Amino acid sequence: MQYTSITPLHTCFYPIPKHFYSPHRSFNLNKKTLPRSSLCSTHFTNKCCFTLSSTHSCSQDQQKHKGDNNSTDPDTNPDRQNRINWEEFYSSIQEKRRQYSEDNEEPEVELSNHSGIYTNMWWTDLKAAVGQRINVEGIVSSLGVFSKDKHLAIPHVIVPDIRYIDWAELKKRGFQGVVFDKDNTITVPYSLSLWSPLASSIDQCKSLFGNNIAVYSNSAGLDEYDPDGRKARILERAIGIKVITHRVKKPAGTAEEIEKQFGCESSRLIMVGDRPFTDIVYGNRNGFLTILTEPLSRAEEPLIVQQVRVLEVALVNRWSSQGMKPVNHTLLPDCQQCVKDEPL
């Protein structure tokens, strides 16, 4: 018996269950067999070798029984008796692979299940990074400040950092709570932990105002960039201060959410931040006592934020030198009374 030559292209091995190949079982094939392929079998009960070729192989015996292969009776058609039901075979292979993956908990399965979450987190972080560099609400608000509300950018108090604030004097004057900005006020930019040199001042503030201390930030707690509150929760655990969630970026928005948190009017609250055109404008517009601090670290700030900060400080200094005063606050007529000469 002679065979035509075969040029193999690819060979792969798969174990075949015994029930798929049996001389006593017939298979009903509803689909066409693979064209231009040959099936070489040595031990069908253990392994099956599929060899794809570019030529069609046949034998003299196959030609001899060509007419018999067209028979529709599987009992009288030995070739159809030896054929494999490919649909059942591949279904079995896929089922075994699925069961194996579930039993062994492959990492690929875990990654595919959470890939959407990772993608959403990546997109949220990207929006947060861009949004903290370009504050559209701040730009729109700045136009109004430039035109007619320059005094809103002038803080009541200016200190190097919160260690120079006399919390006891502020408490004695009747203030009931403190609201901190986050980045470059109590943490370095994009950090979720307190800047360690400020720990003693924060502890004193907590001892005087109790739970009436909160963070109101344009990053952690803002719905747009922290929709699930993950960053807010991490920051709360790290510094032990409540983070207020809100929908609108400073300086836009009202003090309604903050007043609800503290249970008092904003005129009895203190707003502490490092940006004149966001933190200070927001605080003055809503009746807070406003305290401006210097940034904790300029190195971590993006270049555009550094440039905007230089412009803000230059304008505030110019307006102050021209005699412009901040909004008068009834609880603290002389704002310098709450400033220490030496840090705590």
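Is Gly240 buried or exposed in this predicted model?

**Figure 1. Gly240 in a loop of the predicted model.** Gly240 counts as exposed because its relative accessibility is 53%, and the cut-off for exposed is over 50%. The loop that holds Gly240 runs between helix H9 (230-239) and strand E7 (242-243). Leaving aside neighbours within four places in sequence, Gly240 is in contact with Lys206 and Leu235. Asp203 is 37 residues from Gly240 along the chain, and their C-alpha atoms are separated by 9.8 Å.

**Figure 2. His329 in the segment after helix H12 (303-321).** With a relative accessibility of 6%, His329 counts as buried. Its side chain reaches the backbone nitrogen of Leu331 at 3.3 Å. Not counting residues up to four places away in sequence, His329 touches His156, Phe175, Ser267, Gly287, Phe288 and Leu289. Phe288 also belongs to an aromatic cluster with Tyr216 and Tyr282.

**Figure 3. The aromatic pair of Trp167 and Phe180.** The structure holds 4 aromatic pairs. In the pair of Trp167 and Phe180, the arrangement is edge-to-face, with 5.8 Å centre to centre and 70° between the planes. Trp167 lies in helix H7 (residues 167-172) and Phe180 in strand E5 (residues 177-180), so the pair ties together parts that are 13 residues apart in sequence. Both Trp167 and Phe180 are buried.

**Figure 4. The aromatic pair of Phe277 and Trp319.** The ring centres are 6.1 Å apart and the planes are at 20°, so this pair is stacked. Phe277 in helix H11 (residues 276-285) and Trp319 in helix H12 are 42 residues apart, and the pair links these distant parts of the chain. Phe277 counts as buried at 5% relative accessibility; Trp319 is buried, with a relative accessible area of 5%.

Notes:
Residues numbered from 1 in each chain as written. Predicted model: local features only at pLDDT ≥ 70, side-chain atom pairs only at ≥ 80, totals over all residues. Heavy atoms only, no water. Helix = DSSP H or I, 4+ residues; strand = E, 2+ residues; numbered from the N terminus. Buried < 20%, exposed > 50% of the residue type's maximum accessible area, 1.4 Å probe, protein only. Contact = heavy atoms within 4.5 Å. Polar contact = N/O pair within 3.5 Å; in protein donor to acceptor, adjacent residues only side chain to side chain. Phe/Tyr/Trp six-rings, centres within 6.5 Å; stacked < 30°, edge-to-face > 60°.
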